Amino acid sequence: MNWGFLESVLSGVNKYSTVIGRIWLSVVFLFRILVYVAAAEQVWKDEQKDFVCNTQQPGCENACFDYFFPISQVRLWALQLIMVSTPSLMVALHVAYREHREAKQKRKLYKDKGSIDGGLFCTYTISLVFKTALEVGSLMAFYLLYNGFQVPMLLRCSQAPCPNMVDCYIAKATEKTIFIYIMGCTSILCITLNFVELMYIIWKQLWKCFTRHYIPVQEEKAFSHRQPPVSIVNKFTEPTANTDVITTHTQRISTAENQLGQSSGTIKVEL
């Protein structure tokens, strides 16, 4: 199976993710896709041929293998990788919708098209919920289908057309168990990262709402307390030192003008 397309898609989603989301993508690449491609496919390569029962009855081995492994473990692992990676595409599609909307209206509608707010916040939250649910569902499917996460070396089967109870042996049982444990631990780590990221973006959105609605009001109240209002009546009725000085100067100028006028009249009479 070619995982290049999935890797390129997830790399494109990486630039719209939070820091925790980028850690999740790193875990998916390193501990899931690379482990699957490099080792897991080789371990489960010929699992049906390596499943041997101590009987010569035609069809008995196939019936027992189908009973104990209704779906191959490695294929279920691959299906899990595809399902938990698909919800991340919702974020990339939403950002592409924002870009298309701006291009259609030929004006800037968003400060940052990749900012997790508004509708993109809802899309991101839904993608995290779906990823977490798919991770938990995959772990439950592994546990219920194979009666736990351990691969036994010996299985007893009495399915038709087996003539009686036969013993069937699984090749590389210990190695398969180790890889299944790696898969289970990685799934638990991814569930934890998804939950932490969900709490982080919800807290961040609540903090934005709080700072937008309450902090400006508090700053306005603090400013009003620092500068008490000035009464208009007091402003115009209460005399100040400056007004007294201006009044004194005005009176002196009036007196000088009167004296000048009287002296000019006396000069005219004398002439």
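Reader: Against which elements do the buried residues of α3 pack?
Author: In this predicted model, helix α3 spans residues 60–68. Its buried residues are C60, A63, C64, F65 and F68. These residues pack against β1, α6, β2 and β3.

Reader: What angle does the direction of helix α3 make with that of β2?
Author: The strands β1, β3 and β2 form an open sheet, in that order and with antiparallel pairing. Helix α3 packs on this sheet and touches β1, β2 and β3. The direction of α3 and that of β2 make an angle of about 110 degrees.

Reader: Which are the edge strands of the sheet?
Author: The open sheet has three strands in the order β1-β3-β2. An edge strand here pairs on one side only. That description applies to β1 and β2.

Reader: How many bridges join β2 to β3?
Author: Strands of a sheet pair through backbone hydrogen bonds, either parallel or antiparallel. Here β2 and β3 run antiparallel. Within this pairing, L154 stands opposite Y169 in β3, and R156 has D167 as its bridge partner. The number of bridges joining β2 to β3 is four.

Reader: Which side chains of β2 point to the buried face?
Author: Side chains alternate along β2.

Reader: What is the N to O distance in the salt bridge of R156 and D167?
Author: R156 and D167 are bridge partners between strands, and their side chains also meet in a salt bridge. R156 lies in strand β2 (residues 154–157) and D167 in strand β3 (residues 166–169), so the pair ties together parts that are eleven residues apart in sequence. The N to O distance is 2.7 Å.

Reader: Is D167 buried or exposed?
Author: At 53% relative accessibility, R156 is above the 50% limit and therefore counts as exposed. For D167 the relative accessibility is 15%, and the limit for burial is under 20%. D167 therefore counts as buried.

Reader: Which helices do E135 and R32 lie in?
Author: The side chains of E135 and R32 meet in a salt bridge, with 2.6 Å from N to O. Because the two residues lie in separate helices, the pair ties together parts that are 103 residues apart in sequence. Both residues are buried. E135 lies in α6 (residues 119–145) and R32 in α2 (residues 19–43).

Reader: In the salt bridge of R75 and E47, where does E47 lie?
Author: The side chains of R75 and E47 meet at 3.7 Å, N to O. R75 counts as exposed at 55% relative accessibility, whereas E47 counts as buried at 10%. The pair ties together parts that are 28 residues apart in sequence, because R75 lies in helix α4 (residues 73–85) and E47 in the loop between α2 and β1.

Reader: What accessible area does the nonpolar patch with F195 have?
Author: F195 is found in helix α7, residues 173–213. The patch on the surface is formed by F195, V196, M199, I202 and L206. Together they have an accessible area of about 450 Å².

Definitions and conventions: Residues are numbered from 1 along each chain as its sequence is written. This is a predicted model: local features need pLDDT of at least 70, side-chain atom pairs count only at pLDDT 80 or more; totals for chains, interfaces and linings use all residues. Side-chain values use heavy atoms; hydrogens and water are left out. A salt bridge is a side-chain nitrogen of Lys or Arg within 4 Å of a carboxyl oxygen of Asp or Glu. Buried means under 20% relative accessible area, exposed over 50%, partly exposed in between (1.4 Å probe, protein chains only). Patches are made of residues with over 30% relative accessible area and no salt bridge: like charges are joined within 9 Å, nonpolar side chains (Val, Leu, Ile, Met, Phe, Trp, Tyr) within 5 Å. Accessible areas come from the Shrake-Rupley method with a 1.4 Å probe; for residues, only the protein chains shown count as cover. Two strands pair if DSSP finds at least two bridges between them. Contact means heavy atoms within 4.5 Å. Axes are lines fitted to C-alpha atoms, for helices over the stretch in contact, and angles run from 0 to 180 degrees between N-to-C directions.
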